[in-house]
Amino acid sequence: MEPDSPSLPAPSDLATAIQPWVASARWHFGDTAHVKPYHVAILDSAPNAFAIWFVADDGLRYNIPLVLRIRGSYRAEAAAPSPVGTFQEWDIFDATDDPEGQRLILERSIAPSPHNPLIAHSINTFGSVVAARRLTSEQSNTSIIYDLEDGSRIIIKVFRVFTPGHNPDVELQQALGSTGTVPRQYGSAQLEIEGGVADVVVVQEFLTGTTDAWQVITQDLKDCDGTLGALGPQITDLGRLTRRFHTALAEAFPTVHADAQHITAIRDSWAQRAAAAIAAVPELGEFEGQIEMVYTATAHVNWPDLQRIHGDYHLGQVLNAAGRGWFALDFEGEPLRPLAERTQPDLALRDVAGMLRSFDYAVGSAELDGGDREALASWGEAAREAFLFGYGTLDEEEQVLLDALMLDKALYEVSYEVAQRPTWLPIPVAGVKRILHSN
């Protein structure tokens, strides 16, 4: 930077300037923000501009890449986005929504160099970028799509919560890269600060011409006649996809014998979620004994080895790419859960339970929209059977565990809907009753 160029504002001044924007950002957890600077790394500097990686501390730590420019000193096309804050003569922009910021985030994520504050890991190469745009539909993270000169696309995901350790969305999808079950990964970047090294960016293939499974299925359910029709083979293929990535993950990462300590910990977590659901919806109290019976039955079966799993598997996490079939996405898990929990080996059947509950949600949402209850119930049963046929027949002991995991998931959903979407509460309540009735 030239000697007479303005200096970067103090981190505390930057924090104050962007605080209103952070408070309203979809990736910020909480109603208000109390932004404190935790770490600032310079991505690039010019006579009248800076690009920085700002890590904010607001109870959680957030990754906030920014571009700062002296007012009036930059080209009009570079200033297309509105500033997210100002400090004296500086305009401050969200780098994920700024042309220069988008370029720098990509370059720093794939190009290792002594002057790059991000630790870049390049895996595969790609062509020149001709355009970029930020996705606006996401919540917990931020993604940027880049159009390449050959007509293909890549996508960058910026993990907004800074969590020291290896993010499973990077680690697991990289391990699955050769299986055809996930989009191709091109690289990733980490940031090292006091408290450890964290994955902050992942670069991967953007699948064009796709629709997520939730959209595919809910669209079909608008005219449900009780049968799967043409969707039957697709749902079976979805089961096969799930088995394929479970098998690959069990081969790529160590598995763990489910000993008494592991089993006790898992069953204790079931009991805690059941208690929370009953406290939230007291009418479920009459089923407390039946719930306990479903969980107790798991003490009398052999448990399979625990392994790495998706952890947040549902219809919205799977894309149908034209001519290529299903791809699984978003192996990050719940970003607010401690990373140590999200990377622990677990029952692969937990993912199966998550997907089966997602079918129930699709059916339940269609029913809330006025769909025929009997036809939808028949569709739901057929979908569960088709998925499990693709995944592979479960023996009696596995079915006992799956029943418990589905019940646990439904009870978790009860607590969630009470707090977040009360109008959808009938869906998990009906799910709890159906699972108990089938047992």
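The largest cavity of this predicted model has a volume of about 70 Å³. A cavity is defined on a 1 Å grid over the protein atoms alone, as a set of points where a 1.4 Å probe fits but cannot get out. Grid points are joined across faces, edges and corners, and a volume is the space filled by probe spheres set on the points. By this rule the count is one cavity of 30 Å³ or more. Its lining, meaning residues with an atom within 4 Å of a point, consists of Val161, Thr163, Gly165, His166, Asn167, Asp199, Glu332, Leu339 and Arg342. These residues divide into two nonpolar, four polar and three charged. In this scheme Ala, Val, Leu, Ile, Met, Phe, Trp, Tyr, Cys and Pro count as nonpolar, Asp, Glu, Lys and Arg as charged, and the others, Gly among them, as polar.

Residues are numbered from 1 along each chain as its sequence is written. The model is predicted, so that local features need pLDDT of at least 70 and side-chain atom pairs count only at pLDDT 80 or more, while totals for chains, interfaces and linings use all residues; side-chain values use heavy atoms, with hydrogens and water left out.

**Helix H3 and aspartate 169**

Helices (H or I, at least four residues) and strands (E, at least two) are DSSP runs, numbered from the N terminus. At the start of H3, a side-chain oxygen of asparagine 167 comes to within 2.8 Å of the backbone nitrogen of aspartate 169; asparagine 167 is also one of the residues that line the largest cavity. Six of the eight residues of H3 are buried, so the helix is largely enclosed by the rest of the structure. Here buried means under 20% relative accessible area, exposed over 50%, and partly exposed in between (1.4 Å probe, protein chains only). The buried residues are Pro168, Asp169, Val170, Glu171, Leu172 and Gln173. Their cover includes strand E9 (153-159), strand E10 (185-193), strand E11 (196-205), H5, E14 and H8.

Aspartate 169 itself lies in H3 (residues 168-175) and counts as buried at 0% relative accessibility. Contact means heavy atoms within 4.5 Å. Not counting residues up to four places away in sequence, aspartate 169 touches Lys157, Phe159, Gln185, Asp330, Phe331 and Glu332.

| Side chain | Partner side chain | Polar contact |
|---|---|---|
| Aspartate 169 | Lysine 157 | 2.8 Å |
| Aspartate 169 | Glutamine 173 | 2.7 Å |
| Histidine 246 | Aspartate 351 | 2.8 Å |

Histidine 246 is placed in helix H5 and is buried, at 2% relative accessibility. Leaving aside neighbours within four places in sequence, histidine 246 is in contact with Gln307, Ala348, Asp351, Val352 and Tyr391.

Helix H5 (231-252) is also among the elements against which the buried residues of H4 pack, together with strand E12 (210-212), strand E13 (318-321), strand E14 (325-328), helix H9 (349-368) and helix H10 (373-391). In H4 (residues 213-220), the buried residues are Ala213, Val216 and Ile217. They cover an arc of only 85 degrees around the axis, which puts them on the same side of H4; the arc is that of the directions from the helix axis to the C-beta atoms. At the start of H4, a side-chain oxygen of aspartate 212 reaches to within 3.0 Å of the backbone nitrogen of tryptophan 214.

A pocket is an open set of points with protein on both sides within 12 Å along at least five of seven lines.

**Loop residues**

Glutamine 88 is in the loop between strand E4 (85-87) and strand E5 (90-94) and is exposed, with a relative accessible area of 60%. Aspartate 330 is in the loop between E14 and helix H8 (339-342) and is partly exposed, at 27%.

Key: A polar contact is a pair of N or O atoms within 3.5 Å; within protein, one must be able to donate a hydrogen and the other to accept it, and residues adjacent in sequence count only if both atoms are side-chain atoms.
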